[in-house]
Structure formats: C-alpha cells, structure tokens
Amino acid sequence: MSGLDGSFLHLETPATPMHVGALHRFEPPPGGVAQFRAAIRQMLAERLPRTPVLRRKLATMPLQFANPVWVEAPELDLDDHVRSVTLPLPGGLAELEACVGELHAQLLDRERPLWMLYVINGLADGQAAFYVKIHHAVLDGSAGVALARALFDSEAQPPAESTLHSRHHPRSSEPSVLSLAATAVRHDAAQYLKLVRHLPAAARLLAGLTKQAIGARRDPPGDSALRRNLALGPKTPLNVQITGERRFAAISLPLDALKQIAAAHEAKLNDVVLALCSGALRRYFAQHGGIPQKSLIAAMPISLREAGNAEFTTKATMAVVNLATQIADPVARLRAITDAARAVKGLAKRAESILPTDFPSIGLPWVLGGLASLYGRSTLANRIPPIANLVISNVPGPSVPLYCCGARMLDYWPVSIVEHGLGLNITVMSYAGKLDFGITSAQAAMPQPRRLAEALQQSFDELCAAPRPGEAPPRPRRKRRVGGAST
C-alpha cells in the first residue's frame, strides 16, 4: 500500500470515516425492483475476476508499525457486501438523500474487503437505486470511474462474453509476520532511495516556488491571483469540530449549457463549476448568518494520474483556490475564479514532479493515528483560521449512458469525505450529458445540504442569464401607466 493510500486508513476515526461512494438511480429494471438485488449479486459474482480490487483485504503489520499490505481474500461472501434497504414513503429524492447520509456515516469493516453496496428499494415510479462505498485507501475518483466501467455495461443487452468472463483464482494464504516486516523494510528502503535521488531537483524547484509565493505575498492587495489563493479563509459554520453524522443532497445540471458558459467567458469547465459553487455559497450564507466579507477558499484535488493510468490507488494532490465569494456580480466572480484557478494549476504543474503519492511508512500509522485521535478530541477546529473552507472536486466520468443488469443508469452522484474543520464537500461527476453534483456535509456543519443544492440551481440560472462578453446587458423594462397607476 502506498504512503498516500495508507494515510486514509490512519486518519480514520468514528467521526471521520474515510470512504468515498456513489449513488446511482436507474430506470425500472427489466426483472422488477424485487429482483434487482439478486441480479446485482449475480453480476458481481461473474465480474469479480476482472475486478481484483474488490477482493483485496488488509493484512496488518506486526504492532501496526507500517502500512498494511493488500492480500486477496481467500473467500468473498457477497451476502456480506450486498445488502438491501427500503425507503419510507413516499420514496422521493428527500428520502433517498436521507438514507444515503445515514449509510455514509457507517465505518467499513476492516476484517473484510473495504466496500459495501446497498440496493435501495421503495423508490417512487418503480425506479431502482443503489449506493456503493469503498475506502479511499483503495482508490480515488478517477480509479472509481475505471471500476465503474468494469462493472457496468455500455448497452442494455451486452454480448454474453462481456459478462460471463471468469477464471479460477487460487486462494492466497495469509502472509507471515516475517514476510510482512520484510515487505515494509523493502518498501521504505526503495522510497528513501527515491527521495535521495530526487532531492537536488526537488530543492531547486521548491526554492523557485517559494520565491514565487513570497513575491506574490508582497504584491499590492488585489494584484496577484496567487496571493489571493494563499490567503486563509474566513471562519464560517462549515469550519467546526464535527461528529460522525452525515447529510447528503444531489442535483444535476446540463453539461452542454455549462460548456457554453465556459466557452463564452473563455474559461474552463472546472472554472464554471467553481463559480457555481461560489454563487451557491453566497446564497446559502446570505440566509445563514451573512456572506463573509473575506472570500471563501476551496481545497481542490488535482489529479497526478498519467493519461491511460487506471491503477487502483490514489494519485492526487490538494491545492487551494480563492472562490471570490465577496464579488456580487456573477461574471466578475467567474473571471476572478478563472484567474485564481489558472494560477493554482500553473503552480501545481511546476510542482507535479516532486509531489509524492508514495513515501516511507514505518512509524506512520502511530504518528497519523495519534494525531487524528488528538485532533478529534481537541477543539482546535473551532478556533484556528481555516486554510480552506470546503472541498470542491470535479471528476471526469463516463460520457455515454451505462447499464446495470439491463437497467439504464440515470444518475451518477458522488458521495465524499468531510473532516474536522472541513464540514462540506462538493464533488462533481460528469455523466452522459450532465454534471452530477453530490453534496456531502457533516450534520454539525450543514444540517440541510438540500438548501445548498437549491442555491446551486439558482446560481446556474444566474450564470445562464448573465450577459456574455460583447453583449449588451438586458435593458430594464419601461414602466407604463395604466389608469393612472404605474405597472
């Protein structure tokens, strides 16, 4: 297990589960909702040979002195991993979101492969749904999309050979204590050699980046996008100590319309996503304590995955970007966000070669586990200024509709991680002509994320109605007098 993957295990506490997930809705399945769980179980049994990541389990080191290693589970009882839940009436979106929030709060069993799938019954209109979660130590968002492509079909009736692919997998034995310790030593020795080999280049690059950052901080206020990104965020209700309770809300927006907005304003699609979130947060805080005078800062994962790399692991780093929430005008706000995001990506591109996704792990479980426990028991998150106020992540997903057991997938809503001091996560997945927004919040930070979802829709409508560059702003309607009264 890589150092980065292992950190998600060591930082996990009952208040901060470290799994990610997805909520999928489907058209009424061919065999009916009652048979959907059995069909999914059969599909998984047939496709496990092509998805070895689902058979991985943890083999812990003696005294947990280093990261565990992945071994193949000698047996995998799908009844332990595929469960059913039933929504209360009327089985609408509100009930579905509440169900996912409750399921997402539950820790995964580390004695088994680190994933669960819940088939959700009781939806209105005969639709089907399931929520799947898998530990972040297993994969990141991009690897999750690769897993979805292996499990789902691109047509309702796939050729028989695409679903009946199987082969014998011999049972693997549990590694001995000696072999586990030797694995840890070999891993760390290789990582130390890599660090030494890259140290001169890393030192030169870090010196250049530090000089650039110091120069940005010396710029006059407002003159540097990089300087604005490096500022701390304001203290908000999102940045508090949290408990394990989770809330979830979902919304989908048309991808073509968002791409048109991006093209019209010479922005990237991700810039528009950030602007939508910024506008939604302005609306939310206007009704919950007031819009902070200082701009909110978003933590934004940046993928370090090379093109074509479908390895089931985490390959990403985290950057911060200014959301310009202090700017009321939506177009000016989008322009400021575009500048800020460009500065972040330029900095990340220069640092990409020295950003590690693996590093030595001997002693890491003790250090990270101790720090996570200490931070969770303290109230530091309630007192310290936040480096970022929330997490916003944009993951490219399948561009064509997917099918599961003959049923067309309607939605691909991601469900993600929140932390002490970061009680809100907005993760976006592109899917079949839509952008599916999954809003995950800690109950202590945002008890009703549905209100933020509604604000996202309003923010989208606002950007759609905003004048494009070169267009004249809409003329105000002239008042006309009817019977002596103005209308």
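**Sheet and chain overview**

Leucine 23 stands opposite tryptophan 413 in S13. The structure is a predicted model, in which local features require pLDDT of at least 70 and side-chain atom pairs count only at pLDDT 80 or more, while totals for chains, interfaces and linings use all residues. Residues are numbered from 1 along each chain as its sequence is written, and side-chain values use heavy atoms, with hydrogens and water left out.

Strand S1 (residues 19-26) and S13 run antiparallel and are joined by three bridges; two strands are taken as paired if DSSP finds at least two bridges between them. Both belong to an open sheet of five strands with mixed pairing, in the order S4-S5-S6-S1-S13. Strand S4 (82-86) and strand S13 (413-415) are the edge strands, each with a single partner, so one side of each has no neighbour in the sheet. From one strand to the next, the twist averages 20°.

Helix H2 (residues 36-47) lies across S1, S4, strand S5 (115-121) and strand S6 (128-135), and runs at about 155° to S5. Axes are lines fitted to C-alpha atoms, for helices over the stretch in contact, and angles run from 0 to 180 degrees between N-to-C directions.

The chain contains 12 helices and 17 strands, assigned as DSSP runs (helices H or I, at least four residues; strands E, at least two) and numbered from the N terminus. Of its 487 residues, 49% count as buried, meaning under 20% relative accessible area (1.4 Å probe, protein chains only). Among contacts (heavy atoms within 4.5 Å) between residues at least 6 apart in sequence, 79% join residues at least 24 apart.

Note on methods
Buried < 20%, exposed > 50% of the residue type's maximum accessible area, 1.4 Å probe, protein only.
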